[in-house]
Amino acid sequence: MFQLTRSVTWQALTQLRQQTANERIRDYFTADPQRFEKMSLRVGGLFLDYSKHQVSESVLAKLLELADHSALVQRRAQMFSGDIINVTENRPVLHTALRNLAEGPLMVDGQDVMPEIQRTREQIQRFSEAVRSGEWKGHSGKRIRDVVNIGIGGSDLGPNMACRALLKYRHPELSFHFVSNVDGAHIQKVLSRLDPATTLFIVSTKTFSTQETLLNAKTARRWFLETAGEDADVGAHFIAASTNKKAAMEFGIREENIFEFWAWVGGRYSMWSSIGLPIALSIGFEGFMELLEGAYEMDRHFLTAPSAENMPVLMALIGIWYINFVGAETQAIVPYDQALHQLPAFLQQLDMESNGKSVDIFGHPVDYKTGPIVWGQTGSNGQHAFFQLLHQGTRYVPIDFIASLKPEPGMEEHHFALLTNMLAQANAFMEGSHGGEERGDSQLDPYSCPGNRPSSVLLLDELTPKNLGALIALYEHKVFVQGVIWNINSFDQWGVQLGKRIAGEISERIDAQSQDFDASTQGLLALVRGHFQRGAADAETAAETASAPAGTPRRKGKPRQ
Ligand code: F6P
């Protein structure tokens, strides 16, 4: 069996880390005045500067060898052609098909999927144009003014991030709201400001079985009927984006208002599908297609560029260097662009739900680190929150700075300050400061920052739908490349299912002393139980107890496996 950490290349990278651990990034520039030109890359409207990394030319060459010795070429071809690479769910992985703008068939299980993808795009086009033009009327004949997306995880984060990133393209008479948390405060806050007659709810859920989304959708429907009248037409105000048409119709959504997508679209990769409906409603179908086009062009780049000039591959390899050889535990995402303030949260799910794995595709435990902890916040805010730790703390945190070059009209002074702050920070992380230098004392002192802290700078010419599509596809493929090199399945999420299962078991036992859980959980359940007068469940239990023969033990949960 192939053991990654025993490979010659991996061993060589381990040695290279020992040899280069004390090298300073800034010395690489002194040694090679062409470093910036050599370690920067443009793909369409995106420009990546990866020269401020603690990666020498020999390290980069060895990292590229790691990619070339991996299954990258084969697995990438398999993904794009619809082979089953999500082996534990026995599914293809075809979010790339959703933005495939090329002619010709794409066969999945012997069937060309492009016609149904095209049909769904046309359905999105018709619907978004009807709502945006005012042609689509609510139950009382008024046009829609508020759109509420009810979904969580990939059924929220992608459309939410994109709608906020592209706010300047939003239809002036439509407002968008995203409800995801099962905490009632989330939906209450949104509903409190809405008129049911002019509100459209999109129930976005791949499975139509996620507890939070179903509860929020039921609450929204109850609110709608209570405020618009019991005979108000739910069908005119509720639509769905789901693979589960049957469940959507049982909820009360008309068949023609269900926007389907397919099992081979992962939730965190689904914003290109019907889950992206809020984006099309907000920026228009043409803008939505530009988003797809940007992703498609990044797909083509990823498929065709040699590794040494391949933006997703290079970002993936630099990440692997820090995670597996330098020992970084986290990856910071710092967009110097307030419109991208939701991007870190989106990338958190994309990366951590994909590569937060500890077994390989054969189910064997891995003996190396995999997905990092991804976190972040916009700059310049981060400078006043966590940059102190990044500058002077004991942790080594690689940073992706992301910004768009073009200022909004009238905001040139702000934008100049934003971009110069970002460049200053990237430089300061690399250079550091040695307060003692003035005194000829190079030792660190309370005023010093060690520097030599790496970052990438990713610049978008302008934050347009097309460039946003390319940016998201870039990170999707970066995650994919890392997963391939780590030989893990980036497309299942069994860890999440565990939490869902236990949540179900606990909620079933809230009304009964249960020995199925540890003492802590039981003690906490007792505290929680005190705050809930169970209606139906209590009545049901009481009825069971009453009807059961004397001495029947109370209902106990299934013994935990
Ligand atoms: O977090 C687990 C997960 O399954 C995600 O992968 C998914 O995006 C989210 O829950 C929501 O799932 P659904 O779209 O089926 O409601």
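Analyst: Keep in mind that this is a predicted model. The UniProt annotation "active site", from an unreviewed entry, covers Glu 353, His 384 and Lys 500.

User: Which of them are in the lining of the largest pocket?

Analyst: Glu 353 and Lys 500 are included in that lining. The largest pocket is also where the ligand sits.

User: OK, the ligand then. Which residues come nearest?

Analyst: There are 14 residues around the ligand, and the nearest are Gly 154, Ser 155, Thr 207, Thr 210 and Glu 353.

User: Glu 353 again. Which helix is Glu 353 in?

Analyst: Glu 353 lies in helix α15. That helix, α15 (343-355), supplies at least two residues of the shell around the ligand, and so does α19 (494-508).

User: What does the side chain of Glu 353 do with the ligand?

Analyst: An N or O atom in the Glu 353 side chain is 2.6 Å from an oxygen atom of the ligand. For Thr 210, a side-chain N or O atom is likewise 2.6 Å from a ligand oxygen. Lys 206 has a polar backbone atom 2.7 Å from an oxygen atom of the ligand.

User: And how much of the ligand is buried?

Analyst: The protein buries 90% of the 390 Å² that the ligand exposes when taken alone.

User: Last one: how does the shell divide by residue type?

Analyst: The shell around the ligand has 8 polar, 4 charged and 2 nonpolar residues.

Note on methods: Residues numbered from 1 in each chain as written. Predicted model: local features only at pLDDT ≥ 70, side-chain atom pairs only at ≥ 80, totals over all residues. Heavy atoms only, no water. Near = heavy atom within 4 Å. Polar contact = N/O pair within 3.5 Å; in protein donor to acceptor, adjacent residues only side chain to side chain. Areas by Shrake-Rupley, 256 points an atom, 1.4 Å probe, with all protein chains shown as cover. 1 Å grid on protein atoms, 1.4 Å probe; cavity = no way out; pocket = protein on both sides within 12 Å on 5 of 7 lines; lining within 4 Å. Sits in = over half its atoms within 2 Å of the grid points. Helix = DSSP H or I, 4+ residues; strand = E, 2+ residues; numbered from the N terminus. Nonpolar A, V, L, I, M, F, W, Y, C, P; charged D, E, K, R; others polar. UniProt positions renumbered as here; feature names shortened; annotations may be inferred.
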